[in-house]
Amino acid sequence: MRTLKPFSLIALCIPATIACAEAISVSSSLLNEPIRPLPQSMSLDEKKVLLGQKIFFDKRLSRDNKISCASCHDFSKGGADPRQYSLGVDGRVGPINSPSVFNTVFNFRQLWNGKAQSLEDQVEMVIQNPVVFDTTWQEILNKLSKDKALVQDFNKVYTDGLQSKNIVDAVSMFERSLVTPSRFDAYLRGNPDAITSEEKQGYKKFKDYGCIACHQGINVGGNMFQVFGVMSDVRNRKTPPSEADLGRYTVTKKERDKYVFKVPSLRNVALTAPYFHDGSAATLEDALDVMFIYQLGRKASNEDKTLIIKFLNTLTGKPPKTMPVEQKK
Amino acid sequence: MTFWRRLLTASSFMVLLLFSGWLYYKTQAVNIDLQDQFTPELRALKQLDVEWDANILKSRIGINNNYDPVTTPLNYVRNMEEHLGLSLQIDRGNTLSPALTKLKSIFNEKEELVEQFKSQNAILRNSLHYFPTAVEEFNQLLKHAVTKDSIQKRAFDKMEIKVNALLTTILRFNLTPDTDLERKVRLIIDAIEADIPGYPAELKESLTLMMKHARILLRQRMKEDELIAQITTASTTVQGMNDLSHAFDVEFQEVLREKQRYRTYSFIYSGLLLILLAYAAVRQAHSFKLIDQANKRLHMANETLEQRVAERTIELEKQSAQLAEMATHDTLTGLINRRQLMSHLERALLYAQRRARGVAVMFIDLDGFKAVNDRFGHAAGDMVLQEVARRVGSHIREVDSMARLGGDEFIILLDDLNAKTDAVRVAEMVLRQIESIIEVDGHAIKMSASIGIHSILGGQGMQYTPNDLLNQADQAMYQAKQRGKNCFCFSDEQAVC
């Protein structure tokens with residue numbers, strides 16, 4: 001009772017200090033751009049990351065033991081789902097297209113509607129979601145506790161061993177490790193040759209056309225909400241609309257949050273087709289067209305679009321270091 | 001009995017110990033460091049809030065080119081709220097908890113406002129960024145759409161003026177949004193939109209888009225400034241943090257008072273213990289005093305006992321000396337007795353043998369003693385005997401011994417004798433002395449003695465035993481009796497009377 005956890009003002013200062021140190025060390029060459037580079041490495045507990053990786057690929061997390069986190073977050077597809085809608089247990093079709101799991105640590109919230117405030121929240125939510133894992137912690141713990149090797153691993157890493165909170169912690173630690181610095185980050189860090197002149201032109205177009213208004217910051221998006229359909233009514237896009245189309249409204253039930261979504265990160269966007277919450281754009285070109293019409297209210301030449309797509313390709317990063325081998329079975 | 005007493009002592013001691021432990025716990029139960037942790041944490045939160053506001057304003061005026069600076073503080077705010085939650089442990093009066101809840105909800109409201117701001121600001125910035133380009137593009141289109149129709153050309157020129165006016169007015173409005181300018185902008189937009197139907201398709205589309213952006217600018221600017229005002233000027237977060245700070249101070253003071261109270265209790269308790277200790281010390285000192293006194297008395301008793309033992313020892317020694325005297329002396333006359341005489345005789349014989357000297361034994365028997373005894377009683381007889389011993393005894397040499405064998409028989413041992421004549425002289429003295437006793441106990445008496453002498457001369461000592469000497473002297477005494485008493489006879493000669 002008396003031995004309080006010390007107020008972690010210090011702990012709090014650490015990321016800030018690191019950020020500052022980083023900023024200072026590269027300030028001479030770091031470009032002052034609306035997009036900020038990813039850190040070159042994350043300091044994480046390697047053991048937790050590895051344990052989280054195991055869980056991430058573990059199908060016992062689902063009620064029917066058929067899907068794992070990796071089922072909807074394909075590491076060869078930029079950590080996103082190549083299918084229009086993600087499938088849960090019993091082949092149940094989910095309401096949205098799973099976004100990428102890469103770089104999610106830099107998103108201000110998780111899920112398209114921002115329902116999860118943190119990676120940990122997001123893990124908790126998919127466990128019980130009937131169209132995802134549709135199970136309970138009790139069931140998962142029953143299954144996993146029979147796996148002696150796994151129990152032993154947990155005992156090694158966590159003092160209280162196999163617990164739901166530790167599973168959540170390990171998975172989110174693994175997710176924190178999935179950071180994919182790209183050529184464009186090298187460019188932002190002051191290497192002018194990291195991207196071609198066409199790609200530089202594409203970046204300029206990206207800014208000139210106003211894409212940068214929302215897709216900015218360290219994750220090229222992922223740090224704000226925006227209404228889908230700023231310039232034109234998005235309701236005209238398709239019929240019939242689904243509940244998921246209402247976006248953040250499904251969470252807050254506030255009128256102003258109708259059709260509002262978390263602005264997605266554009267990192268690895270070239271790999272994460274199809275696009276939008278409903279996977280309605282099969283290609284980057286399609287997605288770009290939709291953005292120009294509904295968000296920017298502008299027209300762009302095909303030339304410019306091609307340049308922009310070239311720029312977007314520079315955001316494709318190296319796959320995460322701890323690239324796991326998918327489990328067979 | 002002692003077991004129960006011990007148990008009682010031990011348990012009382014335990015109770016005292018536990019009580020003092022409890023008091024100590026009470027003074028330590030509250031973490032005083034909490035204030036040192038809470039205050040800087042709240043200060044940091046205030047600082048962060050100010051920086052957050054500053055970053056929002058920077059985004060408003062376009063200094064921040066991305067929203068990370070207005071987004072990331074939220075994580076820190078949540079973190080700090082959690083840390084501030086630790087202060088709830090001192091919440092006695094339940095004022096901290098509501099203050100913290102209030103602050104959290106204030107920050108939640110602020111978060112929502114900031115989210116709206118970001119969304120609005122992005123739209124506004126896009127349109128603001130685009131609008132001058134759009135005007136330029138339209139003007140280019142207008143130039144290319146050169147018409148020979150003079151009326152249309154005048155309309156085009158007018159439109160160019162209107163659009164340019166809209167650009168400048170909108171930019172002015174963006175800098176200083178007021179209702180006048182707003183009305184002006186709205187009027188221009190309405191005017192342009194009224195003209196749109198008469199334009200060729202390409203120009204129509206461009207104008208329509210431009211007007212959309214213009215209306216967005218108009219709408220978003222007002223909305224955004226409203227949001228900014230709500231976020232920054234209301235400063236509800238500051239109020240919330242001040243309230244929390246105040247609640248903490250109140251609770252912390254209460255905690256300090258409680259701590260002080262228990263410290264006072266501890267102090268009083270130690271005072272009581274001290275008194276108890278002093279009492280015990282006094283009791284013990286008293287016990288020591290009693291023991292000391294008892295010791296002294298014991299010591300004195302010891303001394304008395306020793307003295308008495310010493311006295312008794314002296315007495316016993318005296319008694320044993322008396323007994324020794326009685327063993328060697330005749331109690332009535334103080335002369336040596338027969339036993340002692342025998343040892344003297346033995347010694348004298350040994351001596352005579354070694355030095356070649358003479359020894360004589362004189363056997364004295366009183367004449368007429370029986371008559372005195374019969375006529376005047378035993379006491380008178382005893383007196384006569386004592387008188388004989390005294391008178392004769394005082395006239396013999398130091399080296400000679402006089403003994404009483406019992407009754408009226410005396411012996412004189414003459415040691416270291418030169419010649420018989422010496423013995424004759426002594427015998428005459430004895431006779432004279434006894435004859436001189438003429439009165440006893442007031443009665444006139446006539447006393448005399450018969451003496452038998454046996455003498456041996458130098459070097460003959462070992463030929464006789466003491467008994468031989470006595471027997472010889474006894475027989476000589478009988479001769480003297482037969483000769484008519486009051487005379488002496490040598491065992492080897494005629495009696496001299």
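Modeller: Happy to; what follows starts at the interface and then moves on to a sheet in one of the chains. Please keep in mind that this is a predicted model.

Let us begin with the contact between the chains. On the chain A side, 41 residues take part, and they are in contact with 38 residues of chain B. The size of an interface is often given as the accessible area lost when the parts come together. For chain A and chain B the buried area comes to about 3,400 Å², with carbon and sulfur atoms giving 54% of that.

There is also a polar side to this interface. Between chain A and chain B, 17 residue pairs are in polar contact, both partners being at pLDDT 80 or more. Four elements of chain A each supply at least two residues of the side that touches chain B: helix H1 (9–26), helix H9 (197–208), strand E1 (225–227) and helix H11 (284–296). H1(A) gives the most to that side, with four residues.

Now to the charged pairs. The whole structure, over all chains, has 49 salt bridges, and five salt bridges are found across the interface of chain A and chain B. In one salt bridge, the side chain of Glu205(B) meets that of Lys299(A), at 2.8 Å from N to O. In another, the side chains of Glu112(B) and Arg256(A) come together at 2.9 Å, again N to O. This second pair crosses between chains: Glu112(B) sits in helix H5 (residues 96–144) of chain B, while Arg256(A) lies in the loop between helix H10 (249–252) and strand E2 (260–262) of chain A.

Another backbone feature is the cis peptide bond joining Ala273(A) and Pro274(A), with omega at about -5°. Pro274(A) belongs to the loop between E2 and H11 of chain A.

Finally, over to chain B and its sheet. Five strands of chain B make an open, mixed sheet in the order E2-E3-E1-E6-E7. At its edges are strand E2 (401–406) and strand E7 (487–490) of chain B, each pairing on one side only. From one strand to the next, the twist averages 20°. Within the sheet, strand E1 (residues 358–367) and strand E6 (residues 448–456) of chain B run antiparallel and are joined by nine bridges.

Helix H12 (residues 378–393) touches E1, E2 and strand E3 (409–417) of chain B, and its direction makes about 160° with that of E2(B). Helix H13 (residues 420–435) touches E1, E3, E6 and E7 of chain B, and its direction makes about 165° with that of E6(B).

Technical notes:
Residues are numbered from 1 along each chain as its sequence is written. Chains are lettered from A and ligands numbered from 1 in the order in which they are written. This is a predicted model: local features need pLDDT of at least 70, side-chain atom pairs count only at pLDDT 80 or more; totals for chains, interfaces and linings use all residues. Side-chain values use heavy atoms; hydrogens and water are left out. Contact means heavy atoms within 4.5 Å. Buried area is the accessible area (1.4 Å probe) that two parts lose on being put together, summed over both. A salt bridge is a side-chain nitrogen of Lys or Arg within 4 Å of a carboxyl oxygen of Asp or Glu. A polar contact is a pair of N or O atoms within 3.5 Å; within protein, one must be able to donate a hydrogen and the other to accept it, and residues adjacent in sequence count only if both atoms are side-chain atoms. Two strands pair if DSSP finds at least two bridges between them. Axes are lines fitted to C-alpha atoms, for helices over the stretch in contact, and angles run from 0 to 180 degrees between N-to-C directions.
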